[in-house]
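Please read this briefing alongside the sequence and the coordinates. It is arranged by topic, and the terms are defined where they come up.

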Amino acid sequence: QAQLVESGGGSVQAGGSLRLSCAASGRSFSSITMGWYRQAPGKERELVASILSLSSTNYADSVKGRFTISRDNAKNTVYLQMNSLKPEDTAVYYCNAVQTPFRAQWGQGTQVTVSS
């Protein structure tokens with residue numbers, strides 16, 4: 001069974017940076033569009049970035065220009081470089097396939113807390 005494990009979260013001050021990693025196991029996600037999602041307290045989970053290949057990425061307007069998604073298919077891992085973090089970026093971050101039929105069970109996510 002496919003498993004996704006997110007890591008790299010933490011607490012930073014506004015303007016800081018973090019790099020999240022998502023390691024997949026159980027099957028390959030290399031040919032699937034993968035996304036980073038986040039869920040803040042009291043809010044629905046939202047897609048913030050997605051990647052099929054380095055030349056095929058998409059970002060939510062709220063993170064465009066600050067976040068960069070990448071992937072290493074040899075390691076079956078997806079990354080999210082987050083720069084210029086803002087308090088409103090505070091959330092639990094998850095990764096998963098963007099298209100529902102390819103999704104694995106959601107992992108525990110990684111907490112990102114940005115203080116002002």
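This is a predicted model: local features need pLDDT of at least 70, side-chain atom pairs count only at pLDDT 80 or more; totals for chains, interfaces and linings use all residues.

Residues are numbered from 1 along each chain as its sequence is written, and side-chain values use heavy atoms, with hydrogens and water left out.

- With residues up to four places away in sequence left out, Leu 4 is in contact (heavy atoms within 4.5 Å) with Cys 22, Ala 23, Ala 24, Phe 29, Met 34, Cys 95, Asn 96, Ala 104, Gln 105 and Gly 107.
- In soluble globular proteins, nonpolar side chains tend to be buried together.

**Cavity**

- A cavity is a set of points, on a 1 Å grid over the protein atoms alone, where a 1.4 Å probe fits but cannot get out, and its lining residues have an atom within 4 Å of a point.
- Grid points are joined across faces, edges and corners, and a volume is the space filled by probe spheres set on the points; the count comes to one cavity of 30 Å³ or more, and the largest cavity holds about 40 Å³ of space.
- The largest cavity is lined by Ala 24, Phe 29, Ser 30, Met 34, Arg 71, Asp 72, Asn 73, Asn 76, Thr 77 and Val 78, and the elements that give two or more residues to this lining are β7 (67–72) and β8 (77–82).
- By residue type, the lining of the largest cavity divides into four nonpolar, four polar and two charged residues, with Ala, Val, Leu, Ile, Met, Phe, Trp, Tyr, Cys and Pro counted as nonpolar, Asp, Glu, Lys and Arg as charged, and the others, Gly among them, as polar.

**Arg 66**

- Arg 66 is found in the loop between β6 (56–59) and β7, and it counts as buried because its relative accessibility is 11% (buried means under 20% relative accessible area, exposed over 50%, partly exposed in between, with a 1.4 Å probe and protein chains only).
- The side chains of Arg 66 and Asp 89 are joined by a polar contact of 2.7 Å, the term meaning a pair of N or O atoms within 3.5 Å where, within protein, one must be able to donate a hydrogen and the other to accept it, and where residues adjacent in sequence count only if both atoms are side-chain atoms.
- A polar atom of the Arg 66 side chain also lies 2.9 Å from the backbone oxygen of Ser 84.

- Most residues other than glycine have a negative phi.
- Asn 76, in the loop between β7 and β8, has a positive phi near 55° and counts as buried at 15% relative accessibility.
- Ser 84, in the loop between β8 and β9 (91–97), has a positive phi of about 50° and counts as partly exposed at 41% relative accessibility.
- Ser 17 is found in the loop between β2 (10–13) and β3, and its side chain is joined to that of Asn 83 by a polar contact of 2.9 Å.

Key:
On a 1 Å grid over the protein atoms alone, a cavity is a set of points where a 1.4 Å probe fits but cannot get out, and a pocket is an open set with protein on both sides within 12 Å along at least five of seven lines; lining residues have an atom within 4 Å of a point. Helices (H or I, at least four residues) and strands (E, at least two) are DSSP runs, numbered from the N terminus.
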